[in-house]
Amino acid sequence: MSENDAAFEGLWRHLLDHWDDEAAHRAFLTACQGLGKLPDAAARYRGMTGDPARKAVAEQKLQAVVLTAMAALETERSARPSPRKSRLPMLLAGMVISLFLLMAYLLLR
């Protein structure tokens, strides 16, 4: 079991002991995001929707996991350079080579 897995399991056990504490849920989700364990958190919350006493909170927190994951993906997507920017150097190099070839053709004709 990796350190991330062990940390996740400990956080989940703590959360189960403090299910009605909103701060515990926030801390759990924040830690899961940092550990890269949001899919695992979603699975655990989804599993709790079968417990009538915990269903409402589990469904609410499952939504929070989804929103957190979507926000992280959007942040990652907007941080990546646009494909057009990365193609610009290749386009310029192609134009320069084409100009040299045209000049050579015109001079050797």
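Trainee: Leaving aside neighbours within four places in sequence, which residues is Val-65 in contact with?
Mentor: This is a predicted model. In it, Val-65 is in contact with Leu-29, Leu-38, Ala-41, Ala-42 and Tyr-45, once neighbours within four places in sequence are left aside.

Trainee: Which residues of H4 are buried?
Mentor: Ala-58, Lys-61, Leu-62 and Val-65 are buried there.

Trainee: And what do the buried residues of H4 pack against?
Mentor: They pack against helix H2, residues 22-35, and helix H3, residues 38-48.

Trainee: How many residues does the largest nonpolar core have?
Mentor: The largest nonpolar core has 16 residues. Those with the most contacts inside it are Trp-12, Leu-15, Trp-19, Phe-28, Tyr-45 and Val-65. H1, H2, H3 and H4 each supply at least two residues of this core.

Trainee: Which helix gives the most to this core?
Mentor: H3, with five residues.

Trainee: Back to H4. What should its 25 residues span?
Mentor: Helix H4 runs over residues 55-79, and at 1.5 Å a residue it should span 36 Å. Its end C-alpha atoms are 36 Å apart, so the two values agree.

Trainee: Why is Ala-6 called partly exposed?
Mentor: Because its relative accessible area is 37%, and partly exposed is the range between the 20% limit for buried and the 50% limit for exposed.

Trainee: How far is Ala-6 from Trp-19?
Mentor: Their C-alpha atoms are separated by 20 Å, with the two residues 13 residues apart along the chain.

Methods
Residues are numbered from 1 along each chain as its sequence is written. This is a predicted model: local features need pLDDT of at least 70, side-chain atom pairs count only at pLDDT 80 or more; totals for chains, interfaces and linings use all residues. Side-chain values use heavy atoms; hydrogens and water are left out. Buried means under 20% relative accessible area, exposed over 50%, partly exposed in between (1.4 Å probe, protein chains only). Helices (H or I, at least four residues) and strands (E, at least two) are DSSP runs, numbered from the N terminus. The expected span of a helix is 1.5 Å times one less than its number of residues. Contact means heavy atoms within 4.5 Å. A nonpolar core is a set of buried Ala, Val, Leu, Ile, Met, Phe, Trp, Tyr and Cys residues joined through side-chain atoms within 4.5 Å.
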